[in-house]
2 protein chains.
Amino acid sequence: MTAQSSRPALKSSSPPPTTADLRRDNLGRVLRLVHEDGAMTRAAITERLGLARGTVGVLLDMLVRGGLLVERSPELPGTRGRPSPVFDTVPTGATVLAVDLAVEGFRLAVVGLGGRVLSRHEWPWDPAASTEQSVATLVQRLRAAARRRTAVPYQAVGVACWGIVRGSDGFVHLAPNLGWRDVALGALLAEGLGAGPGGLVQHVVVANDADLGAVAEYRRGAGEGARRLLYVHSDVGVGGGIVHEGTVLGASGGYAGEIGHMTVDPRGVRCRCGAVGCWETEVDERALLRAAGVADPADPAAVARAVAAVLEDARAGRPAAAEAVRKVATALGAGLANLVHILGPDRIVLGGYLADLHALSPVPTRRVLQERGFSAEARDVPILPASRRADASFLGAAEYALEPLLSDPAAAQRPR
Amino acid sequence: MTAQSSRPALKSSSPPPTTADLRRDNLGRVLRLVHEDGAMTRAAITERLGLARGTVGVLLDMLVRGGLLVERSPELPGTRGRPSPVFDTVPTGATVLAVDLAVEGFRLAVVGLGGRVLSRHEWPWDPAASTEQSVATLVQRLRAAARRRTAVPYQAVGVACWGIVRGSDGFVHLAPNLGWRDVALGALLAEGLGAGPGGLVQHVVVANDADLGAVAEYRRGAGEGARRLLYVHSDVGVGGGIVHEGTVLGASGGYAGEIGHMTVDPRGVRCRCGAVGCWETEVDERALLRAAGVADPADPAAVARAVAAVLEDARAGRPAAAEAVRKVATALGAGLANLVHILGPDRIVLGGYLADLHALSPVPTRRVLQERGFSAEARDVPILPASRRADASFLGAAEYALEPLLSDPAAAQRPR
């Protein structure tokens, strides 16, 4: 208890745990550990959790009987003699139907316990369909997928939506790429799928795509171990997710992470949100095309190809492209400096095309942070490319949707 | 477990609590409840904490014997018959020497358990003194103050510093108003006061003034009950504090809340930090004077008087002053809109002169939020004046410095 030894935990008093709470928490702790860190021996679990060996035995037994964990030989026996068996997750012991609402259609991945992607599917939207019809189609596809897996002890749905999504109930205020506005998607899916104990699925969550990307990187990617992670994603538009000591800003209600719409230049370009000089008008894919003097193709896939071509030209040293990349990288640094001032992240992870841009031209971005940072921590904050780029939305959606199971495995499972 | 019922708690597995932990936590819960919410009956404490009556009796007994709580008659007997006695904090059972490092000198308040300010003192700085000498004087004064109270079971020091302060160890990177740079203030005070178990004081914390203001408002002011509180303070310069679900961003290490230095106009005014177009160049006291065409007096007290005169003129309807207030209130709205996008606060509390400015001219600020907010929550986010303006730094510093005691009352107290 010398200087500054304790962190102020400012929460008000709340009811203390009971013995039943402890048992439930410990069961969840064991499952969460293996889910996050992969197969490990009984001895390793005992040591990591600081529990009595006997207690761990009982908990492991419950989780194996519940079909969530399995005891098996290790894949890589490292020592002589008979190797200790390990406990691993059963991917089909709990599955999440993870949905990514893309412009062209919706992508579905079945993600199992332990973060394993078991299968992938994709359906195009009907361009003539209304929002209501599109949601109805989504419900129908998810019902069919869920029905094929009714034997799974825990099944949930997690939806990644690019747009303004309220954390508390998955209400989609605005999904600009889909043209959706004020859709109670969380409630509609829960109702359509009969979500709840004994239902077709037990739990439904809808969350902002960048928040989910942040979670995926924090749990299973370049953000692992960060204390305050700032995740910045851009393709068309810019989104952000902030994981502060293990919790996502905005996940518990309200909206947060709309970092693309901070005003960085009141005399700048008009943004599709209606305001002038939003950060995304200087750093997203279209900003790069504009800076490079490339005509903006309306089609999203064509935008991605045009961006790849500009990055390729810059890599080859063509001046106009290189200058455009430098300009966008500088604007990236300016916005990051603001966010570093405000949030004090100890790591920044870049997703989407920003990962490629930064790999190609890291210096202008770092230069701004060096000029404007008030401390060594701010000036030298690590900036890493996202490591789960293709699957980030799916993995993040799965983590959200598995949360009730990881918190209370016994209660969350279907009665068998 | 229907839609979105659970909030993702993304923390990794950590060791579970033992019975001793539970006892310690419960002792802290009882003390924290009375410290935060004031005197209450044994029945009320039992109900609020959901503990067994017998357990609460044992815990209250320990806290009374430890000199932290006292049982007494209620001050306002509301019912007939003999009123139930209440348990209240003993202000002198634990005291914090709360320090505010001001430009002219340092102010000291002795704050007792329960957030009661017991006494106040003030010393001017020696203008000829070096930083080392000033810190030595501070240590000397604090030693003298602490020596007068060695009978107090828990005594700590909490320092509010306007500037860039590292949350983990109270290292002052920059305190512009004092001209301090790279001062290991937390460590110097801890060493100079022999902080630790059995020492003259048990605990020392140094924190950013705006973070402490945010804590004071969250615990005992206009921020009570907010889920994500944004506190914005301005006199000379702008500082911010963010309390996210009970914890302060930046308190656990690193720097955060330097909201005054987000760039809002790359062609704007040069800031004292060296960058161009920082938000504080548009919204702090000097920005108001500049907008009103009033010459900037160098002396801080004179600045405050000049600002009060401009606000008074605006109130009286004088056009130049009213226009200056409108201009600054609009710039306040623009920065708040950025912060609302990024952080998604459910309440904003304005401290310092901004509370007066907003009371006088709330419309331009709200108009920007209405125009730029993406959701009803963002557009209509409540903006309140700070309610603990004079004592915010002291009360916040006391809350930080009392934290070890509130977390573990038995261990934190001096042996008696």
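Axes here are lines fitted to C-alpha atoms, for helices over the stretch in contact, and angles run from 0 to 180 degrees between N-to-C directions. With that in hand, helix α8 (residues 285-292) of chain B packs on helix α10 (residues 319-343) of chain B at an angle of about 135°, and their axes are 8 Å apart. Keep in mind that this is a predicted model. A search of the whole structure also turns up six aromatic pairs over all chains, but zero disulfides.

**Helix packing in chain B**

- Two packed helices are described by the angle between their axes and the distance between the axes.
- For α8(B) and α10(B), the angle is about 135°, and that makes α8(B) oblique to α10(B).
- As for handedness, α8(B) passes α10(B) in a right-handed crossing.
- On the α8(B) side, the contact is made by B:Ala287, B:Leu288, B:Ala291 and B:Ala292.
- On the α10(B) side, the residues in contact are B:Ala324, B:Val325, B:Lys327 and B:Val328.

**Aromatic cluster in chain A**

- Four residues form one aromatic cluster: A:Phe106, A:Trp123, A:Trp125 and A:Trp180.
- The search over all chains gives six aromatic pairs; in one of them, A:Phe106 and A:Trp125 have ring centres 5.2 Å apart and planes at 50°, so this pair is tilted.
- A:Phe106 sits in strand β5 (residues 105-112) of chain A, while A:Trp125 is in the loop between β6 (116-124) and α4 (131-147), so the pair ties together parts that are 19 residues apart in sequence.
- Both partners are tucked away: A:Phe106 is buried at 2% relative accessibility, and A:Trp125 is buried with a relative accessible area of 14%.
- A:Trp125 also pairs with A:Trp180, with ring centres 5.8 Å apart and planes at 65°, so that pair is edge-to-face.
- A:Trp180 belongs to strand β10 (residues 180-183) of chain A, so its pairing with the loop residue A:Trp125 ties together parts that are 55 residues apart in sequence.
- Like A:Trp125, A:Trp180 is buried.

**Cysteines without a bond**

- The disulfide count over all chains is zero; in chain A, the cysteine sulfur nearest to A:Cys273 is that of A:Cys278, 3.7 Å away.
- A disulfide needs the two sulfur atoms within 2.5 Å, and A:Cys273 is in no disulfide.
- A:Cys273 counts as partly exposed, at 30% relative accessibility.
- Over in chain B, B:Cys278 is in no disulfide either, and the nearest cysteine sulfur, that of B:Cys273, is 3.7 Å away.
- B:Cys278 is buried, with a relative accessible area of 0%.

Terms used: Residues are numbered from 1 along each chain as its sequence is written. Chains are lettered from A and ligands numbered from 1 in the order in which they are written. This is a predicted model: local features need pLDDT of at least 70, side-chain atom pairs count only at pLDDT 80 or more; totals for chains, interfaces and linings use all residues. Side-chain values use heavy atoms; hydrogens and water are left out. Buried means under 20% relative accessible area, exposed over 50%, partly exposed in between (1.4 Å probe, protein chains only). Rings of Phe, Tyr and Trp (its six-membered ring) pair if their centres lie within 6.5 Å; planes under 30 degrees apart count as stacked, over 60 as edge-to-face and the rest as tilted. Helices (H or I, at least four residues) and strands (E, at least two) are DSSP runs, numbered from the N terminus. Angles under 35 degrees count as roughly parallel, over 145 as roughly antiparallel, 65 to 115 as roughly perpendicular and the rest as oblique. A crossing is left-handed if the near helix is turned anticlockwise from the far one by less than a right angle, and right-handed if clockwise. Contact means heavy atoms within 4.5 Å.
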